[in-house]
Amino acid sequence: MPDFFIAGHQKCGTTALYMMLQEHPQIFMPRAKEPRYFAPELRPPSQPETPSWPGRLDRYMELFSGALPDQLAGEASPQYIRSPTAAERIAELNPQARMIVILREPAAFLRSFHQQMVATHEEGEKEFRTAIELEPTRRAQAGDGFLPPQLLYSEHVRYAEQLRRLYASFPKEQVLVLIYDDFRADNEGAVREVQRFLGVDDTLPLQQVETKPLNTVRSMPMHRLRRAVRHADFNPEQAGPFSRALATLVPKNVRRGALSKAYRRIAYAPPQPPDEADKGFMRELRVRHRDQVVAISEYLDRDLVALWGYDKLS
């Protein structure tokens, strides 16, 4: 069983942390990031079992078969923090496991997470404000069929509630909570803190990792078409006739060369800082989630209200 888990949140530096820990000689992390084994309710019902997404414990354990006897094994499924049962399931199999969580200012987190959902074709509404305002309708329609739980955006920032679930299954000394601002301001210092928490050598050289920010989707039809053509490349028997024909008629080297660059310029825009995209709505979101920030500040005994600028909201 893994000795530790990077349990959340997405869009908070978990990928960079995973990659940096993966380079430590005393740590083994599988190539497959985000197996989500302990949060099956957060997987699409139609998702088939694969080596990267195992559905059985023996297949999950195979992910760690390459770990040496003197290495700690870990995995990174940042969806676990949102699962109502993941911590309990992990504790049943390894009550000594250590959990690592990174928290980010709610409004900036939600905007970045929405961009991720659009990029991965899980969110069909490219406008952030509209997607957020769709939540009551989506919640009301949840009983009519599968609603991806990741699209209920307000559920993601119930930080105090999420930590209470973790602490119900693990003692506080087995849970490390990092703040995204600290992780960004002193990346090396934050990773060293994680290493000390895990009990591995924290003096070895670190290779900094900077993940690439996502572009903004300008055109959803072109975004979907790009996905369809790529799907036709890898799974032609499951692709539609139009995307199969396009993939056949336009060679890969053309699609991935100048044509691809022109296509991306039309379909996508460079990323914008959150508060420059829609200052009014970002402020509105902060007002809406101020109680959550107050709650997590009190729970962690750290003034995140001031750190995240919520003390300036009237």
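These legends go with close-up views of a helix pair and a cavity in a predicted model.

Local features here need pLDDT of at least 70 and side-chain atom pairs count only at pLDDT 80 or more, while totals for chains, interfaces and linings use all residues. Residues are numbered from 1 along each chain as its sequence is written, and side-chain values use heavy atoms, with hydrogens and water left out.

**View 1. Helices α4 and α15 cross at roughly 120°.** Here α4 covers residues 106-119 and α15 covers residues 279-288; helices are DSSP runs (H or I, at least four residues), numbered from the N terminus. Their axes, lines fitted to C-alpha atoms over the stretch in contact, come within 8 Å. Angles run from 0 to 180 degrees between N-to-C directions, and the pair is therefore oblique (not under 35, over 145 or 65 to 115 degrees).

**View 2. Side chains where α4 meets α15.** From α4 come A107, A108 and R111, and from α15 come M282, L285 and R286; contact means heavy atoms within 4.5 Å. Sorted by class, that's 4 nonpolar, no polar and 2 charged residues (Ala, Leu and Met count as nonpolar, Arg as charged).

**View 3. The largest cavity holds about 40 Å³ of space.** The whole structure has 1 cavity of 30 Å³ or more. A cavity is a set of points on a 1 Å grid where a 1.4 Å probe fits but cannot get out, and lining residues have an atom within 4 Å of a point. The lining is Y80, I81, S83, A87, Q162, R165 and L166, with helix α7 (residues 159-169) giving the most, 3 residues.

How values were computed
Helices (H or I, at least four residues) and strands (E, at least two) are DSSP runs, numbered from the N terminus. On a 1 Å grid over the protein atoms alone, a cavity is a set of points where a 1.4 Å probe fits but cannot get out, and a pocket is an open set with protein on both sides within 12 Å along at least five of seven lines; lining residues have an atom within 4 Å of a point. Grid points are joined across faces, edges and corners, and a volume is the space filled by probe spheres set on the points.
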